Amino acid sequence: MDITPDYSTYSYQELCDARATIDASAYPDRAQQLDELIASHSDHVTSEQEQAEAAEGTFLRKSPVNFHGSAKEFFSIWIVNLLLTIVTLGIYSAWAKVRTNRYLYGNLEIDGHRFSYLAEPLQILKGRIISAILLVGYILAVSTSPMVGVVMMLVVAILSPWLICKGMQFAMKMTSYRNVRFGFTGRYGEAFLVFLLFPFLTLFALYLAMPWALKKMDEFILNNTTYGDKAFSTELSGGTYFIAGLAAGVVSMITFLIGIGLVGATVAFSGSEPATDPTGNISIMLGTFILYFFVFTLASAIYSGMIRNHMYENTRLADVATFESNVTVGSYIGLKLTNMLALIFSLGLALPWVKTRTLNYLAERTQVNILDGIDSVVASQEQTGTATAEEVASAFDLDVSLG
Amino acid sequence: MIYIGKLYSAGSTAHQQVELVLDDGQITLHSIPDRTLLGVHLRASLRTDSRVGNLPREVALENGDLLSVQADDVLHRWLDCKSGSTKTQSRWSLSSLENSARWAIASVVLAPLLLVGIFKFVIPAMAITFASYVPYTLKDVASRHTLSALDTTILAPSKLDDDIQQRLTQRFESVFNSLQLDHPGFNTQFRYTEEMGANAFALPNGTIVFTDQLVELVENDATQLSAILLHEIGHVNEQHSMRLIAETIATTMVITYFFGDVSGVFETFMGASNTLINNQFSQKLETEADDFALAHANAAGLTPQDFANALESLASASPEESDINKLLSSHPMLKDRIEKARAAQSSD
């Protein structure tokens, strides 16, 4: 008996299996029938993909990111606000923060539209007063009793995921583009895993899993960020994080070893005996200190440059936009090192220049692909948060940033 | 006056180019290019934030729409003029301060000067006030906790002979008595430690701890140890622990809130300046404690020379110092302290 099987009832996977096992020289017509059916299936699959892509928005145009701020203008704003802050013993710092952010956000332009910073100084001031009271209480408790200190640190640690979420929520709510606000939907449970549990667990893997934990943090932040009724989504690759971590680690290790050798050689050549001559000890200390700054800057430039590119390429704002970043590690290292030197030699006065030039650099290397959903984003109606959590989070150094 | 701007609809990203005509108390909006009338808005109904730098002005209309327009001086003045009032507002505004070269230069000069003033005078004065309000019971609890935490970590029971401990304790008692201190809880303790070396420290409730290594370094010399005790009494008597805590808090807050907004660029830089500033505070307190010891030496049956000798013993056991220590150390340089003690001796 030789009955031709009814291939039309086969699934795509079954067809492929049958084609792989069939003896094509014995049954050429069956093999051909299978090939045709497989071909028709793959047509179907690609057209499904195309449909899905079409539903996610078609490409309209590529837009550069422009930063219009100037170092001179920003310096003047910054220094006058600093003076007013000092004269008012810090009260004015809330107004200073709002004006500084309004200047920086408002000068950032994509596709012909500017960003806006919407927070009110009084919101910030209220947050700052509460966070200052908590900070004072915390430092007092920690420095009067080590036992109370340990308890307080635990309390802060347990609260930190909540503070981070609330802080992000406020920061995003206060940012708008085209009259529509950003938002943040992250919740305590996941934040607890991402910011506390995972980093803690990497301890047992000797920090080797740290890149993976950092990837989880970035994914948490991006996947919970919204623009109006549209959500950002991203899927990052652990491999890239490991490579970036490895590159930063290896380069800084080599630099550190060379640096230590150089510092040692310099001291030896200057002819001083480190054990007896105090200037020898001091030059070693200073040399190591400078080396530490240098290596730290180098490592962070390598890591964040690589991660930024990866993150932008793999993030999508629903049918509104996709992103591209082409930061090169060499130029980014150059930028960060000159920033550090400028800050040190200007005793901090170069801060506005450093800020505007960094924004310029990053803007130049970023592109946004505008998709056709851009004109139909609708603002989501949610309550505006308060600044307290953000201020507390930043006072306790819990600020999170991407990359 | 005619301007071109963008009109963003409330609650969505939809927008259009508009032409904006400025009349005395109202603006009229027309769409571009077909010039349909979009609306007339009274100045009193508009909300706008103050001007910052050269940013386009954002004007919120009463229906929630947002108008963004690159303004010139006329439009800026029109928008900043308070609703309804006909006279133009005074020239004074934040953005005019921020754009003024005179204010910028004045700020570059004044801001650092005032900052130094805050760190040198305002914060120390506030710290003294703060310290005077801390009740003794709180200091006592804090001291007990601290000592027991140290005992379980880096301190171990003293290995000195009992009779040496007893002899020294008696001598210290006589120093306490001779000074007629109004502070209640003065007492001395001995501890063995690997980590701290030759050292003595005071807890805010009046407990003063000597390490075995210090006693051995001065070869059980009760006179030198008493001179060191005077220095530690100075710390307790002038509430140095509480003042240092207050100064640390204030420094952290000043750095966080004055410079935190533009951070992200320089956390390491901020950390380093925090340490440098706190070292200066600590050095100043050490100098005050030295002054206390020198001023009360005679009352305790000692001389400033005894204090100089004690410091010299310490110097013999520590590495030499150079000028950079002035920045990186929590204590003033030993050689300066010794010189000061000798000067006090010769002026006696």
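1. The pLDDT is the predictor's confidence in each residue, on a scale from 0 to 100. It applies here because this is a predicted model. Chain A has an average pLDDT of 84, and 86% of its residues score at least 70. Within chain A, confidence is lowest in helix 2 (residues 28–55), with a mean of 64, and highest in strand 2 (residues 108–110), at 95. Where pLDDT is low, the predicted coordinates should not be read in detail.

2. The overall form of chain B deserves attention. Chain B contains 12 helices and 11 strands. Its radius of gyration is 33 Å, well over the 20 Å given by the globule rule for 348 residues, so chain B is more spread out than a compact globule. Along the principal axes, the C-alpha atoms of chain B fill a box of roughly 105 × 45 × 40 Å. The domain assignment divides chain B into domain 1 (2–98) and domain 2 (118–347), and the C-alpha centres of these two domains lie 63 Å apart.

3. Two further figures describe the packing of chain B. Of its 348 residues, 31% count as buried. Among the contacts in chain B with a separation of 6 or more, 58% involve residues 24 or more positions apart.

4. The two chains touch one another, with 58 residues of chain A and 51 residues of chain B taking part in the contact. On the chain B side, helix 2 (94–99), helix 3 (101–133), helix 4 (136–153), helix 8 (240–259) and helix 9 (267–296) each supply at least two residues. Helix 3 of chain B gives the most, with 9 residues. By class, the side of chain B that touches chain A comprises 30 nonpolar, 16 polar and 5 charged residues.

5. Chain B holds an open sheet of 7 strands in the order 4-3-2-1-7-6-5, with antiparallel pairing. Its edge strands are strand 4 (37–42) and strand 5 (47–48) of chain B, each of which pairs on one side only. Within this chain, strand 2 (residues 15–22) and strand 3 (residues 26–31) run antiparallel and are joined by 5 bridges; L20(B) stands opposite L29(B) in strand 3.

6. The loop between strand 3 and strand 4 of chain B contains P33(B). The peptide bond joining I32(B) and P33(B) is cis, with an omega of about 5 degrees.

7. In chain A, strand 4 (residues 175–177) and strand 5 (residues 180–184) run antiparallel and are joined by 2 bridges, with Y177(A) opposite V180(A). These strands of chain A form a hairpin with 2 residues between them, and R178(A) in the turn has a positive phi of about 55 degrees. Strand 5 of chain A is also joined, by 3 bridges, to strand 6 (residues 225–227) of chain A, again in an antiparallel arrangement; here T226(A) is the bridge partner of G183(A).

8. L347(A) is found in the loop between helix 11 (329–345) and helix 12 (351–364) of chain A; Q239(B) is found in the loop between helix 7 (222–237) and helix 8 of chain B. L347(A) is exposed, because 10 other C-beta atoms lie within 10 Å and the cut-off for exposure is 12 or fewer. Q239(B) is buried, because 21 other C-beta atoms lie within 10 Å and burial requires 20 or more.

Terms used:
Residues are numbered from 1 along each chain as its sequence is written. Chains are lettered from A and ligands numbered from 1 in the order in which they are written. This is a predicted model: local features need pLDDT of at least 70, side-chain atom pairs count only at pLDDT 80 or more; totals for chains, interfaces and linings use all residues. Helices (H or I, at least four residues) and strands (E, at least two) are DSSP runs, numbered from the N terminus. Domain bounds come from an automatic or database domain assignment. Two residues are in contact if their C-beta atoms, placed from the backbone, lie within 7 Å. Ala, Val, Leu, Ile, Met, Phe, Trp, Tyr, Cys and Pro count as nonpolar, Asp, Glu, Lys and Arg as charged, and the others, Gly among them, as polar. The radius of gyration is taken over C-alpha atoms; the globule rule is 2.2 Å times the number of residues to the power 0.38. Two strands pair if DSSP finds at least two bridges between them.
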